[in-house]
2 protein chains.
Amino acid sequence: MAAMDAVLAKIDENRDAALGRLFELLRIPSISTDPAYADACESAARFLADELSGLGFKSSVRATKGRPMVLAHAKATRRDVPHVLFYGHYDVQPVDPRSLWNTDPFAPHVTEVDGVKAIVARGASDDKGQLMTFVEACRAFMETGGLPCDVSILFEGEEETGSPSLPAFLAENKAELKADLALVCDTGMWDRETPSITTMLRGLVLEEIVVTAANRDLHSGMYGGAATNPIHLVARIIADLHDAEGRITLPGFYDGVEELPRDVADQWKALPFDDSDFLGQVGLSVPAGEQDRSVLEKIWARPTCDVNGIWGGYTGSGSKTVLPSKASAKVSFRLVGKQNPAKIAEAFRGFVRERLPSDCQVEFISHGGSPALALPFSSEALNRAKRALQAEWDKEPVMAGSGGSIPIVGSFKQDLKMDTLMIGFALDDDRIHSPNEKYDLASFQKGARSWARVLNALAL
Amino acid sequence: MAAMDAVLAKIDENRDAALGRLFELLRIPSISTDPAYADACESAARFLADELSGLGFKSSVRATKGRPMVLAHAKATRRDVPHVLFYGHYDVQPVDPRSLWNTDPFAPHVTEVDGVKAIVARGASDDKGQLMTFVEACRAFMETGGLPCDVSILFEGEEETGSPSLPAFLAENKAELKADLALVCDTGMWDRETPSITTMLRGLVLEEIVVTAANRDLHSGMYGGAATNPIHLVARIIADLHDAEGRITLPGFYDGVEELPRDVADQWKALPFDDSDFLGQVGLSVPAGEQDRSVLEKIWARPTCDVNGIWGGYTGSGSKTVLPSKASAKVSFRLVGKQNPAKIAEAFRGFVRERLPSDCQVEFISHGGSPALALPFSSEALNRAKRALQAEWDKEPVMAGSGGSIPIVGSFKQDLKMDTLMIGFALDDDRIHSPNEKYDLASFQKGARSWARVLNALAL
């Protein structure tokens, strides 16, 4: 382990410089959903490609129909070692509502958050801070003799918009991307002291509806009570999606949903997880959703449905007695087990159509879909990674589920027949997708050390 | 009726000059909402005050915090006749989009519109053409011996901006404004051949709700299925507001709603009103709302509820898997009969509160309320006006309802204890508030004759 010690010492030695590099990346407003920031996405991709070239990777920025990919490769010092493909994304969520940020979302800085030093910026945790933990681990290996595994790195710029260019890119670059194992860093720790490996990911179906009633906005005094109000239709559709017990009412929705294996259920029950604390942190106390399930089960292992956005009519200040022509909603479903995304999207569309009068129209816009995924608990890579994390954190890692989906993991499984080891150092209070996003300085620094240990363990 | 004949003959004789006077007023761009046109509003007020002085009225321009009022008084030749207060407004809507006007909005001219001679200009119908019908009727009386009633005239310059100065002006000039009956000309005909008296105006309750669940926006993957989604709550509230038969479910909502008198119901049934045409014009074919009511009844005489705006979560392009902290809606109720706006606002607030989990909050914002108004069908003034209009148009006037509200009529009732007789000669296709606004030449000329007959009838 002498080599390992040198690598870890190098990471510690590089700390300040590493933070400077991360800040440089965080200053780039690479919001993928808004075309106004396309140039920023290009800059972020270029920055990463240059960083990796500087380390000795053969790196390139690859154009897509959307935001570019960064792809890089480097060989280990030894032959016959595993080949890993590390994936991260350089794009970030929009910052609105901007007014709720205490500081400029793209002016990263370290500050104390609840008494702990943290890096504050959009993307600090999701996913720029996380992906840089791996880059810094690679740097330390490079600077102390070389990599223990063959390493390929793929950075995407469309993760926050459902990765529209990814399937074609994977299909066209299968040979170049195929490795023994994928590594993905878009996950979190159990808590500040306890690392975690995510072995189950929920899938996702993203649907948008635009319901049109009259062919123009009407005066509610002149037409109200006689002409259909599309806001009422959308509200009815949303209200009908859940029954009184919090179950989702789409026909066939629960097909393919399996109960947890007994041992996993027992591990989860033993975890120090307090439903009241979890909700209390965000100002809530009454659990929503399925009434007969624990909160951890709901967010890790049960399918859900949430409306992520709704709009229609007059939304300015004061009043306007308009009866709008259109109303819209963005609806997402989280999937588990063997639920089929395409079937669920189709069931949803039928459900909406059934609730429209014959003179109203609906436009459906798909924002993507992916099935749920799981890594077998018997996997050798999983067990090596467990031991490596235990060495760094001195605590047994939690075998976690994840409420969110990571579509790339599905693509790796389906298109490249690769399993994925998901390790990340985000915390629940990182406010990802929200104002004042942060990443603990310890997550960044011990994260890099963790990846060094994991890479080493995989190569033994 | 010799005197009446002379008055009508005088109106006919004055036709060209009357049109010239209206054109002079229409040339003044008295747009009240834009401070750049404040001087034009002053000019319009001054023009009208001078016109009325010229006729023998004691007239004055009264300053307010906004645009000035014109107030004028003239006595009848006889004593012990009714005193009427005529109300109109000299301000107009902005002209944009200017590019959709075929000619300069402030260069009035007569042209054929769909084969009918019409005056085209901003304000031709709303409300300068309408108010000048009354002024020309007064002129004809003055030039043939004198007025049959005591007449006061109030012209406002802020109707298109919500009449901000009016309440204070009414309060400060109660004694001067109080009359036996108010006359308002801001309404329309049933069709080109059929006059109409508007006897019912729906009231209005305007409520906004802001529902808060978690204290910040959440990631729907991390919290979805466990944390309450305020969009779901707002959708449930809206969906619950109507039952399957289109009736409004607020407790006590229909208190004070009366069925139409048989004769009025019969008149409405006999009107050539085609539900399919009415809805077809806006691209609809399936009537919404109460299933057992005709469209005309729904929009004139039934209370309704419409959501005028809704918003929450992510509403940009693409997707964002956010579980928002807040969701909002603007809800309006149209009232009829003796429905009490304050009670309905309170019932709505209770209805909303009942549907919130104990850990969620709601903020209520009132945007005002006003009761429905009706001129009793037994009113002597109404019956005299009916006969006067029938004599001019040779058709029985429609006793109409109106879906919209006219706030001044409410102020006259509440503050000055005056009923209002609403007669106007606008047509549905006058394009008020839109480009190429017009007023039929026949509306202008027969409108003046109609007012002469009505004034005469009220004094008999």
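A salt bridge, as the term is used here, is a side-chain nitrogen of Lys or Arg within 4 Å of a carboxyl oxygen of Asp or Glu. By that criterion, 63 salt bridges are found over all chains of the structure.

Before I continue, a word on the source. This is a predicted model, in which local features need pLDDT of at least 70 and side-chain atom pairs count only at pLDDT 80 or more, while totals for chains, interfaces and linings use all residues. Residues are numbered from 1 along each chain as its sequence is written, chains are lettered from A and ligands numbered from 1 in the order in which they are written, and side-chain values use heavy atoms, with hydrogens and water left out.

I turn to the interface. Contact means heavy atoms within 4.5 Å, and the contact takes 83 residues from chain A and 71 residues from chain B. Together the two chains bury about 6,300 Å², with 55% of it on carbon and sulfur atoms; buried area is the accessible area (1.4 Å probe) that two parts lose on being put together, summed over both. Of the area that chain A buries against chain B, A:Val282, A:Asn308 and A:Ile310 supply 10%, more than any other three residues.

How many salt bridges are there between chain A and chain B? The count is one. A:Asp96 forms a salt bridge with B:Lys320, with the closest N and O atoms 4.0 Å apart. In general terms, side chains of opposite charge can pair when their charged atoms come close. A:Asp96 is also joined to A:Pro97 by a cis peptide bond, with omega about 0°. A:Pro97 has its place in the loop between strand E3 (83–89) and strand E4 (109–113) of chain A. Helices (H or I, at least four residues) and strands (E, at least two) are DSSP runs, numbered from the N terminus.

In chain A, E11(A) and strand E11 (residues 304–313) of chain B pair in the antiparallel sense over five bridges; two strands pair if DSSP finds at least two bridges between them. Within this pairing, A:Trp311 stands opposite B:Trp311 in E11(B).

Next, a sheet in chain B. Which order do the strands of this open sheet take? The three strands have the order E4-E5-E18, with antiparallel pairing. Strand E4 (109–113) and strand E18 (438–440) of chain B are the edge strands, each pairing on one side only. From one strand to the next, the twist averages 40°; axes are lines fitted to C-alpha atoms, for helices over the stretch in contact, and angles run from 0 to 180 degrees between N-to-C directions. E4(B) is joined by five bridges to strand E5 (residues 116–120) of chain B, and the two run antiparallel. B:Thr111 has B:Ala118 in E5(B) as its bridge partner. Helix H2 (residues 15–26) of chain B packs on the sheet, touching E4 and E5 of chain B, and its direction makes about 40° with that of E5(B). Helix H15 (residues 441–459) of chain B also packs on the sheet, touching E4, E5 and E18 of chain B; its direction makes about 55° with that of E18(B).

Finally, I return to chain A. A:Asp240 forms a salt bridge with A:Arg236, the closest N and O atoms lying 3.1 Å apart. Because these residues are four apart in helix H8 (residues 230–240) of chain A, about one helical turn separates A:Asp240 and A:Arg236.
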